[in-house]
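Me: I would like a close look at a single part of this protein. Please walk me through it in short steps.

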Amino acid sequence: MKIPKRLQPLVDDGLVDEVISQLMSGKEATVYMVRCGDDIRCAKVYKEANKRSFKKAAQYQEGRKSRNSRRARAMEKGSKYGRKQQEDAWQNAEVEALYTLAAAGVRVPQPFGCFESVLLMELITDGEGDVAPRLNDIILPREHAIEDHLIMMNYVKIMLCEGIIHGDLSEFNVLVDEYGPVIIDLPQAVDASANNNAKSMLLRDVENITDYYAQFAPELAKSKYAQEMWALYEKAELTPETELTGLFKENTKSADVDTILEEIKAAFAEEQERLERISDADELD
């Protein structure tokens, strides 16, 4: 096929020898099958910010910090340089997450580097050597669904232990090869400890995946893996070795609003008295 403009620099530099075909075009990137020497890989070409339709990007980027103070200030000001750095940070988030999660034992495509806003990575294939299907394209026997759901819950657990929440996990962001599920699409990865939306995003990720598998094993719909994981994470008790049960008892005890208000009033009165004592002491001086 004709070489896309965004891939031409990689061809010129010898990183890509041939562009074979376009695999998909999504809200944030277009993915191509390419040949690099003797290997067939995929090239993810990120769309420019003004052409990306990914909603609420700022919500996902909350908590991401640049180690370079100049870059951080530029990103906050929204200058041209800052917007460029923000784009680089958006793309690098996926590269860093892929390296981190692969090392931690989560099945993700192996990255080979990001060049000129193009991520080169492993092409996930099925047993026949064809491009692996997405989870939403397959039908599973009940036992297989239960098994793969547990695998996915453990992947989410390991991700959380690494401080990462996918943020957009669903049956459309999981490929299935002959060995099981592989998680893809991580540019919106969320910092679990620094993003105020982390818990809600974790709950949504797990709910999306559980709802899909529950089509084939309805009993999975009752599981509470996200709540179980987050409760352990908040107490610093979640580890990669933690055995999840999917059971979680919600705290239904309502807050004693009257008592809380009385405590606030008492604290306010105490502070007023302290200020009055300071004022009286100043007058005596």
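Me: Which helices pack against helix α7, and which residues of α7 are buried?

Reply: Start with the whole. This is a predicted model. The protein has eight helices and nine strands. It has 285 residues, and 39% of them count as buried. Now take the contacts in the protein with a separation of 6 or more. Residues 24 or more positions apart account for 60% of these.

Now go to α7. This helix covers residues 225-234. Its buried residues are Tyr 225, Ala 226, Glu 228, Met 229, Trp 230 and Leu 232. They pack against α5, α6 and β6, the strand at 164-165. An α-helix has 3.6 residues a turn, so residues three or four places apart point the same way.

Take α5 as one partner. Helix α5 runs over residues 142-161. The axes of α5 and α7 lie 11 Å apart, at an angle of about 25°. Angles under 35 degrees count as roughly parallel, so α5 is roughly parallel to α7. Their crossing is right-handed. Next, look at the side of α5. His 149, Leu 150, Met 153, Val 156, Lys 157 and Leu 160 are the α5 residues that meet α7. From α7, the residues in this contact are Tyr 225, Met 229, Trp 230 and Tyr 233. Sorted by kind, the residues of the contact are eight nonpolar, one polar and one charged.

Then turn to α6, another partner. Helix α6 spans residues 198-214. It packs with α7 at an angle of about 150°, and the two axes are 8 Å apart. This crossing is right-handed. On α6, the residues in contact are Ala 198, Lys 199, Leu 202, Leu 203 and Val 206. On α7, they meet Tyr 225, Ala 226, Gln 227, Met 229 and Trp 230. The contact of α6 with α7 divides into eight nonpolar residues, one polar and one charged.

Tyr 225, Met 229 and Trp 230 meet α5. Tyr 225, Met 229 and Trp 230 also meet α6. Each of these three is buried. Tyr 233 is in the contact with α5, while Ala 226 and Gln 227 are in the contact with α6.

What comes after the helix? α7 is followed by Ala 236, which has a positive phi, near 60°.

Leu 123 sits in the loop between β5 (118-122) and α5. Its relative accessible area is 12%, so it is buried. Leaving out residues up to four places away in sequence, Leu 123 touches Leu 23, Met 33, Ile 40, Arg 41, Cys 42 and Val 131.

Asp 177 counts as buried because its relative accessibility is 12%. With residues up to four places away left out, it touches Arg 107, Ile 124, Thr 125, Ala 132 and Val 182. Asp 177 and Ala 132 are 45 residues apart along the chain, and their C-alpha atoms are separated by 5.5 Å.

Notes
Residues numbered from 1 in each chain as written. Predicted model: local features only at pLDDT ≥ 70, side-chain atom pairs only at ≥ 80, totals over all residues. Heavy atoms only, no water. Axes fitted to C-alpha atoms, helices over the stretch in contact; angles between N-to-C directions. Helix = DSSP H or I, 4+ residues; strand = E, 2+ residues; numbered from the N terminus. Parallel < 35°, antiparallel > 145°, perpendicular 65-115°, else oblique. Left-handed = near helix turned anticlockwise from the far one by under 90°. Contact = heavy atoms within 4.5 Å. Nonpolar A, V, L, I, M, F, W, Y, C, P; charged D, E, K, R; others polar. Buried < 20%, exposed > 50% of the residue type's maximum accessible area, 1.4 Å probe, protein only.
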